[in-house]
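Please read the following report alongside the sequence and the three-dimensional view. It moves from a sheet to a chain interface, and then to a few local details.

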Amino acid sequence: MAFWIRACVSSDRLQMKEPMTATEIIAPSDAPGAPDAKTVPERARSDTWRRAASHPGLLIGAALVLAIFVMALLAPVLAPRDPYSQDLTARLIPPVWATDGSWSHPLGTDALGRDYLSRILYGARISLLIGFGATAIAAVIGTTMGVLAGYFGGKADFIVSFVVNVRLALPAMLVALVVVALVGGSLTVVIWTLGLLVWDRFAVVMRAATQQIRTLDYLSAARAAGASVPRILLSEVMPNVMGALIVVATLEIAQAILFEAALSFLGLGVQPPTPSWGLMISEGKSHMFFRPWVIAIPGAALFVLVLAINLLGDGIRDVTAPEGRA
Amino acid sequence: MLTFALKRLGLTLLVLVSVSLITFALVRLAGDPAVAIAGPEASQEEIEALRIAYGFDRPLPTQYVSWLGDVLRGDLGYSNILQRPVLDVILERLPVTAKLAGLALVIALLLALPLGVIAAARRNTSIDRLALSIAVVGQALPNFFFALILILVFGVTLRWLPISGDATFWHYVMPAIALGYFATPAIMRLTRAGMIEVLDSDYIRTARAMGLPRRRVVFKHAMRNALIPVVSLTAVQLGSMLSGSIIVESVFSMNGIGRLGWQSIQRTDLEMMQALVLIIAVIYLALNYFADILNGLLDPRLRVQ
Amino acid sequence: MSLLNVRNLRIDIPGPRGTLHAVRGVGFHVEKGETLCIVGESGCGKSLTSHALLGLSPKIAQVEADQLSFDGTDLRQLREREWQSLRGKRMSMIFQDPMTSLNPSFTIGSMLEEVYLRHHRVGRAQARARAVDMLKKVGIGNAEERLSQYPHQLSGGLRQRVMIAMGLICGPDLLIADEPTTALDVNIQLQILRLLQDLKQDMGLGILFVTHDLGLVARFADRVAVMYAGRIVETAPVAELFARPCHPYTRALINCIPVPGRTRPGAPLGAIPGVVPSLVGTQTGCAFRDRCAAASPVCAHALDRRTDTPAHAYECNFTPEETAA
């Protein structure tokens, strides 16, 4: 298990390695004016933004995420109909580009005659809400544990590593299903269940990030100046591990969205008639043989959203990776 | 090496005990087992009688210890829903999941390892970008959706493969793909990252400086070291495939323990749920333990003190 | 014919802010059986130079030279296959950090044998015998046992000896050593240096030794090339260099070394004020001018090559007498 944690971190750290600039190829210490290994590599803000502007993946991801976000926000305005209103005379109408399709239901309707476009738009809200909500909870739990473990080491580290291993040993999907089955499915339950289950990656990455800066000079300076531990953690450690935190958070949001979709697909997530994309796929399953769009459309929506978030997260990671890491 | 193995074993057992505690607490907290066994029609007296008969009236810690004792003796409980011992049912269904996960892993490795190595050796070329694109796309596709697409394309439209059941090898192909593809990006990225780091290392430079041919340097000298973390990751992926098997087995109607878990939740088969979580955790921990040992064997720095 | 002949070697590294001219026209030669030391501070380009001699430059580096030849072979247009026949067999290189320069997953014996078998068609047993031989030659006791040990089981000094054994197992004519003793303890450094001296005499090696340590140079070199900011600023036989340093940089470097008996206790250590200039973009004149006490306006765009004696060359607009003032 320790190796997995190390591997997970090492791949993160390695993937944080950016394409080296000329001076770094000579060797970090050989480059004229290269930063001392014990001080924090200062990164000009303008530098980061410039790199961000020329990173295609980041730009595409950011644009898509923003677009979906706006669509979700404006769902009440953009949706042509009420996503919940059924019309049994208009069941399973194909999307506008198929034969028999029409603009009155641009993405068709489902088995109960509900407009698909509206349900997709409102479904975006569900996905984003659950994604952000669960990740926020997981981030708080995981970051606290990881930073404490990384900063204090010793017993704290042992305890946190142990708890992480226990969490990893539990089959997350099964446990989530059990919880939702026994407590009842609703938005709040799903968010909390996911949040309390997916914090492990935060703990692992934040622990590693904290360890990497723990020995740096400016932390010793703060300690020597008599700063209290909470203050050091908040004002010195946190700003510098923020980069890693943002990257992990972005990628975990994507994972949380997929997790919720899977739960809803199995019927133990968000409950009908709420328009969760996973639930829509599940409801459409029995009709998919002759009307593939009922699963293709929500599936594509999920794919695009998760892809966009992953591209954004990978892009942020590429762009904010510190220089001169061996 | 022996101390290494023993220390790991000790830690693993500790984790296992914690898992069993959490599992027990989870199931007990969520519902009244006596009610679950008795069924919705039972009267209050019947429920009480059941409670005493099964020992649910004892304090919780006692129940836990007693359950744990049973488990250690091989008795995982009795499913009242299925009217069979839990262990029997699980053992019946385990082979299906094992075969499925095994095939899924083979598929994942066959795709991920070569891609990772080649992408690293040909960094920043089109094949590298292709590999990374595959990884990015693979990680964004929900597995249940992919499973349904596979069914639509290969099962219904092309009719090449059967879409449900687990009778023959061909029944396993689509489910294995649906289960395995999600592991491919992670393994590929780790392989690639590991290879890049190793190929940049000083000892690879030494190998080149001594005139060793490039292919040998990459495949013999570099891979030996780069693949060490991949072993651990593979074990973890295998473990998470057990989780993912719930979905895949349900979609493809295969009788493995994933679907068993799903069914036991639907039927509120508490004994089964409890046992399954524990069994899956045991399998995961065992896989990780063996991965750790394998790591110890592969990396001489750990092996020889 | 020289063993190694380099003329006007240039190495450029393109980057986001312009091209870095890391090596700007470097020239030197190494004869059979002699040790040439290239000495310079971190960042002067000496490691890049030494790597280029074996074709080990980083991929994005652009390497050009008017002449780059080893024993008559033109190294500039070699394909990878041809490099592989040369490396390890006729020219070898040993590196700075013995901790990271040996593959942790292979035994010493297997690595030595592999190098030997790569360049000679013999049986395993013979390769093994040769490996044992080499280990003994580099002063490693218990050679037989060591064969089956892994690098992490050896100390730094031993590992460096293994590296040397690997480098010399095929009996090359030229050994390039890139700061092989920098990462070692001082007493081990001495041992390694002595070992290299003995081996040089024993095998008739030519050695190109890259270092930043002038004291080491005094002990070890036959000839010295002083490198600064991508150029060789002074070349001379070792005795002449120390007796009569002609370039202001060389003089300043020598002054930096505290000498027991000569340097007064409590006196400030010598240091060269200023920093190495950035080598991005075109350079004119002398790169040392900002740090040179004797600099004059002409140094900004002109640089003379002078010879003090036939074997002693340097680049400066003034003679040592003029700059000593």
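In which sense do strand S8 and strand S9 of chain C pair, and over how many bridges? Strand S8 (residues 174-178) and strand S9 (residues 206-211) of chain C pair in the parallel sense, over five bridges.

## Basis of the report

This is a predicted model, in which local features need pLDDT of at least 70 and side-chain atom pairs count only at pLDDT 80 or more, whereas totals for chains, interfaces and linings use all residues. Residues are numbered from 1 along each chain as its sequence is written, chains are lettered from A and ligands numbered from 1 in the order in which they are written, and side-chain values use heavy atoms, with hydrogens and water left out.

## The sheet of chain C

Strands S8 and S9 belong to an open sheet of eight strands in chain C, with the order S7-S8-S9-S3-S10-S11-S13-S12 and mixed pairing. Here strands (E, at least two residues) and helices (H or I, at least four residues) are DSSP runs numbered from the N terminus, and two strands pair if DSSP finds at least two bridges between them. The edges are formed by strand S7 (91-94) and strand S12 (305-309) of chain C, each of which pairs on one side only.

Helix H10 (residues 248-256) of chain C lies across strand S10 (223-228) and strand S11 (231-237) of chain C, and runs at about 100° to S10(C); axes are lines fitted to C-alpha atoms, for helices over the stretch in contact, and angles run from 0 to 180 degrees between N-to-C directions.

## The interface of chains A and B

In this model, 52 residues of chain A are in contact (heavy atoms within 4.5 Å) with 55 residues of chain B. The area buried between the two chains, that is, the accessible area (1.4 Å probe) that two parts lose on being put together, summed over both, is about 4700 Å², of which carbon and sulfur atoms give 82%.

Across the interface of chain A and chain B the rule finds one salt bridge, defined as a side-chain nitrogen of Lys or Arg within 4 Å of a carboxyl oxygen of Asp or Glu. B:Arg189 forms a salt bridge with A:Asp314, with the closest N and O atoms 2.9 Å apart. On the side of chain A that touches chain B, the largest share, 12 residues, comes from H14(A).

## Local details in chain A

The search of the whole structure finds 34 salt bridges over all chains. One of them joins the side chains of A:Arg167 and A:Asp200 at 2.7 Å, N to O. Because A:Arg167 lies in helix H7 and A:Asp200 in helix H10 (residues 200-214) of chain A, this pair ties together parts that are 33 residues apart in sequence.

The peptide bond from A:Pro272 to A:Pro273 is cis, with omega near 5°, and A:Pro273 is found in the loop between H12 and H13 of chain A. A:Leu92, although not a glycine, has a positive phi of about 50°.
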